[in-house]
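Let's take a walk through this model, helix by helix and hole by hole. Have the viewer open and follow along.

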Amino acid sequence: MSLALHSTFTGVLASIPSPPVAYFDLGPIRIHFYALCIIAGIIAAVLLTNRRLTRRGAEPWVVIDISILAVPLAIITARFYHVFTHPNDYFGAGHNTWNPFQPGSIWAIWEGGIAIYGALIGGAIGAWLGCKWTGIRFWTFADALAPGLLLAQAMGRFGNWFNHELFGLPTDLPWGLEIESTNSAFPPGLPEGTLFHPTFLYEVIWNGLGVIVLLWLSRKATALQWGRLFAIYLIWYSAGRIVWESIRIDPSEIYFGLRSNVWAAILGVVVGLVILVVQSRRHPGLEPSPYQPGRGRNDVDAVVDSQNNPSDFVDLSEPDAEEVPAGAAATSTAPTEAEGSR
């Protein structure tokens with residue numbers, strides 16, 4: 001049965017085709033849709049986080065200063081996390097481990113392989129350093145970031161669709177995903193035309209709903225500060241990830257009967273619960289400011305140094321006129337004609 005002609009429910013065409021291309025060439029530059037999805041997600045997260053931080057009282061666009069450190073570290077650790085949790089894909093006989101000019105190297109992030117839990121680790125380190133630099137409270141930033149981060153993850157998942165990767169078990173559901181039988185992750189023994197669970201789409205929907213929930217909670221429950229909203233993000237995202245990882249069939253390391261990413265998702269739920277409980281006990285009230293003690297905005301009530309140092313400017317104002325009493329004797333006389341001709 002052809003993938004394009006797969007039908008269910010009395011002949012109604014129903015399936016999700018995989019995109020026919022994963023990149024396009026712009027002159028000598030090859031642009032991968034996977035990268036575009038990630039970049040679009042980052043931009044959306046920055047814009048939403050900036051709006052939320054600004055409403056909280058932070059300096060506009062301070063998120064850019066924090067992102068300069070957080071984003072590169074997130075991408076680097078995301079790649080390292082993926083490589084070291086999938087060692088059989090990159091190391092050993094028959095694999096191109098180190099050559100970036102050949103497919104399959106550990107450097108080829110354009111082929112896929114950006115692990116979100118690795119990104120969270122590196123991004124948290126970068127955000128902490130960025131917050132130290134800018135004076136923003138780390139937990140204030142984390143709470144402001146939470147909805148945007150989930151939005152970025154939803155947008156980034158479309159990159160997996162373009163790369164024909166990370167699909168689930170075979171299914172007869174009308175929204176099954178078409179995957180070519182030549183795909184390296186296509187299970188051997190299955191007939192061509194088999195459809196699979198579109199786990200990328202499940203995660204897009206779950207994350208999209210999570211964005212709505214987090215934004216609603218941040219408006220209705222103003223006490224969700226000190227990292228508590230970020231904790232809910234961790235719980236929400238990781239709970240869904242446990243399900244999607246359980247039905248995915250791409251190669252992954254198995255520990256005690258579970259995929260490594262399932263264990264990571266379980267840990268994510270636990271960490272979220274711990275943050276929620278600990279921060280609720282340590283900080284039952286509201287944050288006094290989005291800034292750390294002793295720090296504040298640089299764009300409000302700025303002091304111009306020259307106004308405090310009289311030697312920094314020249315007084316060009318008119319001299320004060322002296323009042324002369326009526327009838328007072330003149331202190332000087334007009335020059336005589338002889339004096340004027342000297």
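How far apart do the end C-alpha atoms of residues 261-278 lie, and how much of the span is helix? The ends are 25 Å apart, and the span is 100% helix and 0% strand.

## Ground rules

Bear in mind that this is a predicted model: local features need pLDDT of at least 70, side-chain atom pairs count only at pLDDT 80 or more, and totals for chains, interfaces and linings use all residues. Residues are numbered from 1 along each chain as its sequence is written, and side-chain values use heavy atoms, with hydrogens and water left out.

Helices (H or I, at least four residues) and strands (E, at least two) are DSSP runs, numbered from the N terminus.

## Annotated spans

Residues 261-278 come up because the unreviewed UniProt entry carries the annotation "transmembrane region" for 31-49, 61-84, 104-129, 136-156, 200-217, 229-249 and 261-278. UniProt positions are given in the numbering used here, feature names are shortened, and annotations may be inferred rather than shown by experiment. Another of these spans, residues 136-156, has its end C-alpha atoms 27 Å apart and is 90% helix and 0% strand.

## Helices α1 and α2

Start with α1 (33-56). This helix has 24 residues and reaches 34 Å from first C-alpha to last, close to the 34 Å expected at 1.5 Å a residue; the expected span is 1.5 Å times one less than the number of residues. Among its buried residues are Y34, C37, G41, N50, R52 and L53, where buried means under 20% relative accessible area, exposed over 50%, and partly exposed in between (1.4 Å probe, protein chains only). Their cover includes β4 (29-32), α2, α4, α5 and α6 (228-247). Just after α1, G57 takes a positive phi of about 115°.

Helix α2 (62-85) also has 24 residues and reaches 34 Å end to end, close to the expected 34 Å. There's a kink of about 35° at I68, shortly before the proline P72; the bend at a residue is the angle between axes fitted to the seven residues ending there and the seven starting there. The buried residues of α2 include V62, I66, S67, A70, R79 and H82. What covers the buried set includes α1, α3 (116-134), α4 and α7 (260-282).

R157 is buried, at 11% relative accessible area. Not counting residues up to four places away in sequence, R157 touches L166, F200, E203, V204, Y237, R241 and R248, contact meaning heavy atoms within 4.5 Å. T199, in helix α5, is buried at 3% relative accessibility. Leaving aside neighbours within four places, T199 is in contact with L166, F167, G168, W244, I247 and R248.

Which residues line the largest cavity? They are R157, N160, L166, T199, F200, E203, W244 and R248. The elements giving two or more residues to this lining are α4 and α5, and α5 has the largest share, with three. The largest cavity holds about 40 Å³ of space, and a search of the whole structure finds one cavity of 30 Å³ or more.

On a 1 Å grid over the protein atoms alone, a cavity is a set of points where a 1.4 Å probe fits but cannot get out; a pocket is an open set with protein on both sides within 12 Å along at least five of seven lines; lining residues have an atom within 4 Å of a point. Grid points are joined across faces, edges and corners, and a volume is the space filled by probe spheres set on the points.

## The second largest pocket

This one has a volume of about 440 Å³. Its lining counts 17 residues, of which R52, R55, R56, S218 and R219 lie nearest the centre. α1, α4 and α5 (199-220) each supply at least two lining residues, and α1 gives the most, with five.

## Two positive phi values

Most residues other than glycine have a negative phi. L166 has a positive phi, near 60°. This residue lies in the loop between α4 (138-162) and β5 (177-178) and is buried, at 19% relative accessible area.

F256 has a positive phi of about 55° without being a glycine. F256 lies in the loop between β7 (254-255) and β8 (258-259). Is F256 buried or exposed? At 82% relative accessibility, F256 counts as exposed.
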